[in-house]
Every structure is written in structure tokens, then in C-alpha cells.
Amino acid sequence: MVFSSAVFLFIFLPIVFGLNFVIKKEYSNGLLLVASLIFYAWGEPYRVFLMLAVILINWIVGRLIGAHEGNKKRIFLVIGIVCDLAILGYYKYAGFFASLINRIIGEDIVLVPSIALPIGISFFTFQAISYIVDVYRGDTEPAPKLVNMALYISFFPQLIAGPIVKYRDINKQIEEREITWIKVSRGFRRFIYGLAKKVLISNVLGLCVDTIYSYDISLIDCRTAWIGALAYTFQIYYDFSGYSDMAIGLGQMFGFRIQENFNYPYLSKSITEFWRRWHISLGSWFREYVYIPLGGNRKGKIRRYINLFIVFFLTGLWHGADFSFVLWGLFHGFFSMIERKSLNVLNRFKIVSVVYCFIIVNFGWVLFRADNTLTGIRYIARMVMPWRHPDIGIPTWNYMDYKTLFVGICAVLGMGILKVFVPEKISSAWKESSLEAMYCLILLILSLASIASNTYNPFIYFSF
Amino acid sequence: MHSKIGNRIMLIIFIAFCFIWVMWFFVEPYVVTDNNENREKSARPSLAMSNYAEYPSQYEEYLNDTLPFREWFISLNNKIDFYIFKKSTSDSVILGKEDWLFLKDTLADYQRNNLYSEQELAQIAADVQTTQKYFEDQGIEFIIFIGPNKSSIYGENMPEKYEVNSGASRTEQVVDYLTRTTDVRIIYPEMELRQVKEEYPDLQLYFKLDTHWNYMGGYWGTKPLLRELGVELEDFAEIQYREINEPDFIWNGYDLANMLGLADALNQDINYELEGYSSADVTYYGNPRDNIDYFNGMFRVSSNAEDQRKVFLARDSFGQAMIPYLGASFKEVVSVHREGFKFSKTLVENENPNVFIYEMVERSGWDLINYISWPE
């Protein structure tokens, strides 16, 4: 089930909210857990039991860690992490590593399994790992009840696409929270913004991107390459940040405060800053559970660069079981490393820095989106060397129309341009005003209209 | 106070959203929801162990067809795309100039980039001759009629961005080949219709919002066919006609407008009611204009026309606009949909016609021309 689907909007959300509103508070966690399991099972009718297994394993491990000290405590932690990584590794990376071994050896001696990736596994296994590590470190007590732990792992607003929530940030809210009409109102507003970002901007740009990336690379000229790259840069931002907005908004409607996951990342002045604004919860997770335990920047310059390399390698690998994702991660890591010397300069020349960072991120997204690394590199070549690839390409109308152009302009304005240039007085007056409420109503109607239109499937005459 | 008003409004919007099914329950009886999609809507599935894994997708299919205010939302979205962004809301429909709509399936014919190879032409000719011999062995006249695509007649209203290759179209290629290499009788009134357009620029021969020709286009298109069969309709100067706003098939509406999801907004087009094209009295046994079963199946037309021949019209939807003129010209016309549930070799043999007309629209191709492939 996805937030922008009819079944979530018209059935799941009203029913779950309504039931949560009328039942006694002490049953709320149970209700939300059941709802979350139904939410997950809707898309994964059998793999929901895998998630239940992850929940049970980590709850037991958490209890065992909490009940022991010293080496035994450490052993249980290792067992838990190994279990979580093994599950993630099997479902997400078994095929990748098997292919890699075969490629290194030069023949197909290892069977390459074809395993469908369970939805959200990268998110809930990381949440499980953060839970048992936090219990080990004493940052939080083990969950008093299984239902608390289960709800933390499976809570439907953040289950499929994050943010990656740490148990210590939400445990108190699981045990005790209040739903007020203000939270519901603000949460629904946030949800609508996220829905509009996904449906009205990301999906529209996605049509343009899919068309351009379906062409053979030999047909792509400079103009088409730039349009495709920019369209994807905004598609992925509005898709991901839109989903996070919906998650945060939904959490708020049920009384939870989920931390922000995006902070206008395309206004970043450096790649280093970018990773503090983009998918904040993932960057925070890697920093806390990989970078710092490896020593961070406390063990000298060389070790710091090695640690950064590892983190960005893993960040890329986390995004997908393919070398193109790893390369994308290392691409970001490379710029992050070379910026270390120049952060002061970047901070001084803000506009130039923002443009620099945007271009680097843009190129990175080309590597991320392309079918393979070579195609991505050839694509970038077409962007930066137009003289080598004259206008031999496809007419613009083949992949772009007035709607795409309009949405693209809105996307650019919404990436932070309006935030920078609109005076604080106006934005404060706008926030939570009746005008903004009407604007949100319009966005909601347009989003629902777009979703409904995707269900329209006519035939030229009645088939018999 | 100012900010609280906005929050209160948001809360009201949320509550109203949660009660959207309740609102729909009261509104639905007053909302006309025609099935413009030409398909059966999905039925509500039942959950059982046997369909546990498939149930979510089955339920979503059902829900997608029964959303509250669905048609209103679709209409809103498609009107925004159509009127503001000048964007086709269907992958199958091209927005032309002057509000003309075209079927995307005809684009290759229009651009003339789908010509047949020599081998393919030879195969078509062989298939045609096989069918021709089948009928002529029974003493039945055999004639092929090709209804031109709308873009073949009104191509000037296609968007400029679609380039047209020089040379013949695929249909012109086939007609030319068959004419040169066989003696099959084949009528493709493309030139005749273009001449009519030139001569009578105020006449609209095809619908703007539909793939078909209207009854005026049918009149002018049928004339060359009848001439080939030795029948002449009254001259156009003798005919009275008036404009009406009705599609060829009342149960289908304007098909291209339907495919855009804009049947409620794009509902004005030009058809004609013609009188005086024949003095014969005509009786219809079944009317496909307002009955889909007659369209998909068969119906008859009889008249007291001088020509005593019985005509079997194996047609598609383009045949509908020809019926009044064929029906008035022959003693009996049996009209059967070639891909319908009635058409078969046995039916043709049982009807024992004097003339067999294989009518096809230009875009449909030649896959079914060989009688051997017809149902028994």
C-alpha cells in the first residue's frame, strides 16, 4: 500500500484514524500495530511474516542485552546485528554478491538467486539495528512490551520509505502521547503538501524522465541530456521529500513527532552540507552507527578519509544492489573529501557554492538513474561536451509538454527559491492562515483528481 | 486568532475527507455516471485463503472503479490538462488543430512510415484472391471497401509536429498493388472524399470528436461503392439535409472524447440527417445506433428498391454510416460485424447473398481478409 493510492486515502486512513479516535488510549498501540501490519501485508502478503520475525528477533535480543553485562551483552548485540544484516544481505544483496563472485572468477560457479526485495526492508532492518545498539549503549531501555517494539519497527507512516526513526526518539511517544485537534490539523496539512509533491510534481516529471532515459544514449544530445538530468533531480527530490512529508504529517495526526528528513537540500553550499539536508535520518544513522564507531575524525586524517570512504560506499550500496549505486555513493564521498580543505571558501561565496553543489548533485543523479555506469558517464559527457554531440536528437515535444514545463518551474521555485526570496513577514502571515488552508484544499482536490484519472481505462468501443 | 482559523479550516477539511463516502452516499443517486470507458467495471472481490495474495490488487481494481466522486475528479483533472495545458489525457488520442481529435493508432498510416514489403503485398494479394475465388465459385459478387482514416481526409488538422513522408500511404500502396496484380473489385474513396471537401467546404464529413465519418461522409463514401455495383443514389443537389448533434452510435457517444475522459465537456459535434437520396421505402430489423447487440451482432435492412440483390455486408463500425444508403439501394442488406459473435462462414452460406462486401476501416489491416481464418 502506498500513501498516494486510493485504498490508503479513501479506506485505510479514514478508518484507522476514526478507530484510533474512538477507542480507549490503552488500546491505541495495538490498533496502530494491527493497522501497520495490514498496511504492510497489503503489498507483501507473505513477507509480512518476515517483518514479524525481525521484530521478534530484535525484541528478544534487546531483552537479552538489557538483562546482561560485559561479554554476554556484546555477544547478544553481535548476534542481533548479524541476524539483521543477514536478512538484509540475503534479500537485497545475495544476487549482487553471487554475480560479483562469478565475475571475479570468470565463470558462473555460484548460482545467482533471483529474490524479490521485500518492501521497506532497508528501512526496518536499519531501525532494528539502531534499536539493539541503543539498548546496548544504554541510550534507551529495552521496550517494555513487544507491542511497543513492534509498533516502533512497523509503524505505517515511516515503514516503507522512512524517515529512519531511532527508538530513543519515539519510545516515550509510544508509551504516552496526546492527539490534539491542532496536531491533526497541522499533520493533515503536512500530509497534503507531501501528497501534492508526489502526485502533482514528481509523477509528472517522472513521465518526462522515463521517456528520455528510454532512448538509446546515441540519440541524446546536450539539450535533452540536461532536461532529463534536471527533471530527475527534481523528480527524486519531490518524490522522496514528499513521502517524508506524508510520513511526518501522518505521524503528527496520530500524536507522534517524527524528525525532519529533508531541509531544502538543493540550497546546500557543499556536498558535506548536502548530506546534512538530504535524507537526514540516513546520514544520521550512518554517522552514529558506522562513522563514529569507526573512529570518525578522531583518529587522524588518513583514518578519517578511510571512514568517509566506507560510509559513502555503504550509503551507495544501501540504495541498491548495483555498482552504479556504489559509484554514486563514492562520487559523493569524493567531493565530500576534497571539500574538507575548501569549506571556508565555499561558505564565503554562497551563490557560486550553491550552483557548484547543485551541479555535482545533478551529475550524481545521472549516475544514480542511468541503466548502468557507462551509460551514466556517456550521458554526463553529453551534458558537458555539447560540441561533440550536436543537435541530432529527439524533438523536445516528444518528451516534454506545457504541463511538464509548468511543473518544472514550480519544482524549481519550491526547492527553496521561494523560501529565500519571500519576506519572513509574508511567510509568517501565510502559515496556518485561512488562505493557506484553501490552498491546501485545492492541492488535495487536484491530487485526488490526478489519482482518480489514473484509474480511467477506456476502450474505443465496448469489448464483447 | 488568525492562525487558528486556518487550522480549524484544515480540521474541517480533514473531517469532511474522512466522511467522503457518507457524502457520496447522499450525492450518488443524483449524479449521472455513464460508463464511457466501454468495459465492465470490476466486481467486488471476496477474501478467501485461495485469493489471499491476489486480494489486495483485486480490491484495488474494484475500488479504483468505484471511488466516490470518481467521474467528477477525472473530469476535473482531464479538463485542466486539456484546456489549460493543451495536453491529451489519453495515450491513444492526438489533439489536432481546430479541436479535431485523432486516434493515435492511425499515426503510422498518416506519416506513411509503415509501408508493406513486396512479400507482404504478395501475401495480401494471395489472401484476397483466395477469398475472391471462394465467393465467385458460389456465384457471389465479392468487393472490398476501405473506409479512409480520418487523418487521410482531414490531415491538415493533424499537429505540425508529425511529419509526413512523401510517397504513397500504406493503403494506397495496397490498393495500387491489388489493382495491378489482381482483378478484385476494391473501393477506397479517399480521392472522392477529398474532392467533396474541396467542392463543399462547409460540409464536415467526419466527426471532430469521434474516429468515424458521419452520415454525410458515409453518403459520399458509399456512392463510389454503389456506382461499382451499378447503383446510383440521387444527386447531392436533390438531397435535403440538416445538421444534428448525434454520434453514429448513441450508446458509445463520441469515442475520442470518451477516451479523453471528457465526454461531459466535449459533446457537441456535427452529424447529418439526409433525406431524398433514394425513393425506396426502407425497413430496419434491429438498430445498432442505439443497441450495442445489433452493432456487435447482426441486423437486416429491407427495401422496395429496384435492385433485387441481397447484400451481405461484413463490416466494422465504419459500416454503420453506410447502412442508410446501402439499405435503400438493395432489396435486402444483412449487416454483420466481422469480428462479432455472429459472423461465420456458415452464416454467409445460409444467407446466400448475391453480393458480399468486405468493409474495413483503413487502419485495421488485412489479417482477416482470408476467409479460411473466419469462424466456421
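What share of the 464 residues in chain A is buried? Buried residues make up 55% of them, where buried means under 20% relative accessible area, exposed means over 50%, and partly exposed lies in between (1.4 Å probe, protein chains only).

1. Basis of the note. This is a predicted model, in which local features need pLDDT of at least 70 and side-chain atom pairs count only at pLDDT 80 or more, while totals for chains, interfaces and linings use all residues. Residues are numbered from 1 along each chain as its sequence is written, chains are lettered from A and ligands numbered from 1 in the order in which they are written, and side-chain values use heavy atoms, with hydrogens and water left out.

2. Chain A overall. The secondary structure of chain A is 20 helices and zero strands; helices (H or I, at least four residues) and strands (E, at least two) are DSSP runs, numbered from the N terminus. The C-alpha atoms of chain A fill a box of roughly 70 × 60 × 55 Å along the principal axes. The radius of gyration of chain A is 23 Å, in agreement with the value near 23 Å for a compact globule with 464 residues. That radius is taken over C-alpha atoms, and the globule rule is 2.2 Å times the number of residues to the power 0.38. Among contacts (heavy atoms within 4.5 Å) in chain A between residues at least 6 apart in sequence, 76% join residues at least 24 apart.

3. A buried serine. A:Ser154 belongs to helix 6 (residues 146-154) of chain A and is buried, at a relative accessible area of 0%. Its side chain reaches the backbone oxygen of A:Ala150 at 2.7 Å. Not counting residues up to four places away in sequence, A:Ser154 touches A:Leu33, A:Ser36, A:Leu37, A:Met51, A:Ile55 and A:Leu159.

4. A charged cluster in chain A. A network of salt bridges links A:Asp134, A:Arg137, A:Asp139, A:Lys166, A:Arg168 and A:Glu288; a salt bridge here is a side-chain nitrogen of Lys or Arg within 4 Å of a carboxyl oxygen of Asp or Glu. One pair is A:Arg137 with A:Glu288, whose closest N and O atoms are 3.7 Å apart. This pair links distant parts of the chain, with A:Arg137 in helix 5 (residues 121-137) and A:Glu288 in helix 12 (residues 280-291), 151 residues apart. A:Arg137 is partly exposed at 35%, whereas A:Glu288 is buried at 15%.

5. A:Lys166 sits in the loop between helix 7 (156-159) and helix 8 (167-175) of chain A, and counts as buried at 7% relative accessibility. Leaving aside neighbours within four places in sequence, A:Lys166 is in contact with A:Ser130, A:Asp134, A:Tyr152, A:Ser284, A:Glu288 and A:Tyr289.

6. Extent of the interface. Chain B puts 63 residues in contact with 55 residues of chain A. The two chains bury about 5300 Å² between them, 73% of it on carbon and sulfur atoms; buried area is the accessible area (1.4 Å probe) that two parts lose on being put together, summed over both. B:Met10, B:Phe14 and B:Phe17 supply 13% of the area that chain B buries against chain A, more than any other three residues.

7. A:Lys403 forms a salt bridge with B:Asp81, at 2.8 Å between the closest N and O atoms. On the side of chain B that touches chain A, helix 1 of chain B gives the most, with 14 residues.

8. Salt bridges within chain B. B:Glu351 and B:Lys310 form a salt bridge at 2.7 Å, closest N to O. B:Glu351 lies in helix 14 (residues 345-351) and B:Lys310 in strand 9 (residues 310-315) of chain B, so the pair ties together parts that are 41 residues apart in sequence. Both residues are buried. B:Glu71 and B:Arg70 also meet in a salt bridge (3.1 Å, N to O); B:Glu71 is partly exposed at 28%, and B:Arg70 is buried at 1%.

Note on methods. Polar contact = N/O pair within 3.5 Å; in protein donor to acceptor, adjacent residues only side chain to side chain.
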